[in-house]
Amino acid sequence: MTVVVVGGALANKARNGGEAWVRLSWVRGLERLGFEVYLLEEIGAGAYADEAGRPCALEESVNWDFFRSVVRRFGLEDRSALWDHGSGRSLGMSASALDDLSRDASLLVNISGHVTLPTFLGRVPRRAYVDLDPGFTQFWAAQGLDGARLEGHDAFFTVGERIGHPDCPIPTLGLAWRAVRQPVVLDDWEPRPSEACSRLTTVASWRGAFSPLTHDGVTYGVKAHEFRKYLAAPGQVEPELEIALAIDGGDAEDLSELRRHGWTIVDPVASAADPDAFRHYVAQSDGEFSVAQGIYVGTRSGWFSDRSVRYLAAGKPVLLQDTGYSELLPTGHGLVPFRTLNEAVSGARRIVSDYATHALAARAIAEAYFDSDRVLSGFVDELGVPA
């Protein structure tokens, strides 16, 4: 059986059930194709803390607790490792077992270039970089900034499907970027139809992990900048608009403005802190309303949200700011793009007026375009790695 290592962040994104599903979908999807799949994560000293936010030993941290609970929940205890750069040791699989794995693996699927260990980048025959942050990744690399971690790979994939198009300003860096969609294991997301559309939700971070970025004189903003354009939406649409929102205390004014305009704000840790809670939150929603990071919108990268993929798979219509994905995916029923507040309001009304049709179309889009069996079969075929 062909051995594949998926590199990605769980512990580094503790208490984020949606982010966990991103990595789990790659692991579980590749397992379905017959591969023997391992999960490898790296974490640095200072990146982990206890319940009170105080520095502590990795074993006592919320990060390790989250990592351990997720891999146990999905049967990965014997096929997962958390490498601690602070102490130079591994939790989960031993260091010697990791060394053996680096020799046995045929493919490294390195999500966002997370794995940096020389043993894996130097030994594994095929090393595929999977870019989840189109624009950030390429602009960082073009400007010589840390973060891209492109070195050591021999194939490059991106969810920014429009990279390389004449009207997309994201540089290719001389690399042959191949498009890949966010996979979802459909068996993990049973459709849960609602009777009507009374509540559209999303899970979001107000500013996200990255700062605004300037390239060729153009500054690209973060999600907060886009959400501010749609503050008035709740007063103009019938469904309640709710965000499970991670927002810093320094953004109290923005939070106040959201509430003043009628947005319902809930705690993402209370609502979606692990994969099961995230799935339940999506299932209890009637659909999604969300904006995108300014960089995805401004570059027309074609980025499509991994979170929105889960809503579609659960049979929940998605009303999502357009990043150029409307040129790549069927829209109008189940998936409704918008570029302005008026278009967002119109889209919400269309979903409400024919909700059953939109709900059926949402699941159909997930089946046709994001099913892990389809997405990942094409991915490994392009790499020439048989199961």
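## Helix H2

In this predicted model, helix H2 has a set of buried residues: Val-62, Asn-63, Trp-64, Phe-66, Phe-67, Val-70 and Val-71. The helix covers residues 62-73, twelve residues in total. From its first C-alpha to its last, H2 reaches 16 Å, close to the 16 Å expected at 1.5 Å a residue.

Several elements cover the buried residues of H2, including helix H1, strand S2 (36-43), strand S3 (80-84), strand S4 (89-92) and helix H9 (275-283). After H2 comes Gly-75, with a positive phi near 70°.

In soluble globular proteins, nonpolar side chains tend to be buried together. The largest nonpolar core here has 83 residues. Those with the most contacts inside this core are Val-6, Trp-26, Leu-30, Val-109, Phe-304 and Phe-379. Helix H1 (residues 17-32) gives the most to this core, with seven residues.

Which residues does Leu-30 touch, not counting residues up to four places away in sequence? Leaving those neighbours out, Leu-30 touches Val-4, Val-6, Phe-35, Val-37, Val-109, Leu-376 and Val-380. A second, separate core holds 29 residues, among them Cys-197, Ala-233, Phe-289 and Phe-338.

Strand S6 (residues 126-131) is mostly covered, with five of its six residues buried. Strand S5 (residues 107-111) runs parallel to S6, and five bridges join the two. Within this pairing, Leu-108 stands opposite Arg-127 in S6. S5, helix H4 (residues 118-123) and S6 together make a right-handed β-α-β unit.

S6 is also joined to strand S7 (residues 155-158), by four bridges, and these strands run parallel. Here Val-130 stands opposite Phe-157 in S7. To get from S6 to S7 the chain crosses through helix H5 (residues 136-142), and this β-α-β crossover is right-handed.

## Strands S15 and S16

Strand S15 (residues 318-321) pairs with S16 in the parallel sense, over four bridges. The bridge partner of Leu-319 in S16 is Val-336.

In a regular strand the side chains alternate between the two faces of the sheet. Strand S16 (residues 335-338) shows two sets: Leu-335 and Pro-337 point one way, and Val-336 and Phe-338 point the other way. All four of these residues are buried. Phe-338 is also one of the residues in the second core.

## Cysteines

A disulfide is a covalent bond between the sulfur atoms of two cysteines. How many disulfides does the structure hold? The structure holds zero disulfides.

Cys-56 counts as buried because its relative accessibility is 18%, under the cut-off of 20%. Cys-168 is buried too, with a relative accessible area of 7%.

Asp-188 is found in the loop between strand S8 (177-179) and strand S9 (199-205). Is Asp-188 buried or exposed? Its relative accessibility is 9%, so Asp-188 counts as buried. Apart from residues up to four places away in sequence, Asp-188 touches Trp-21, Arg-28 and Arg-279.

Ala-270 is found in helix H8 (residues 268-272). With a relative accessible area of 66%, Ala-270 is exposed. The C-alpha atoms of Ala-270 and Ala-244 are separated by 8.8 Å, and the two residues are 26 residues apart along the chain.

## Two residues with positive phi

Most residues other than glycine have a negative phi, and most peptide bonds are trans. Ser-112 is not a glycine, yet its phi is positive, near 60°. Ser-112 is found in the loop between S5 and H4, and it is buried, with a relative accessible area of 16%.

Arg-300 also has a positive phi, of about 50°, although it is not a glycine. Where is Arg-300 found? Arg-300 is found in the loop between helix H10 (294-298) and helix H11 (306-313). Arg-300 is partly exposed, with a relative accessible area of 22%.

Notes. Residues numbered from 1 in each chain as written. Predicted model: local features only at pLDDT ≥ 70, side-chain atom pairs only at ≥ 80, totals over all residues. Heavy atoms only, no water. Core = buried A, V, L, I, M, F, W, Y, C linked by side-chain atoms within 4.5 Å. Buried < 20%, exposed > 50% of the residue type's maximum accessible area, 1.4 Å probe, protein only. Contact = heavy atoms within 4.5 Å. Expected span 1.5 Å × (residues − 1). Pairing = 2+ DSSP bridges. Right-handed = clockwise from strand over helix to strand, strands pointing away. Disulfide = S-S within 2.5 Å.
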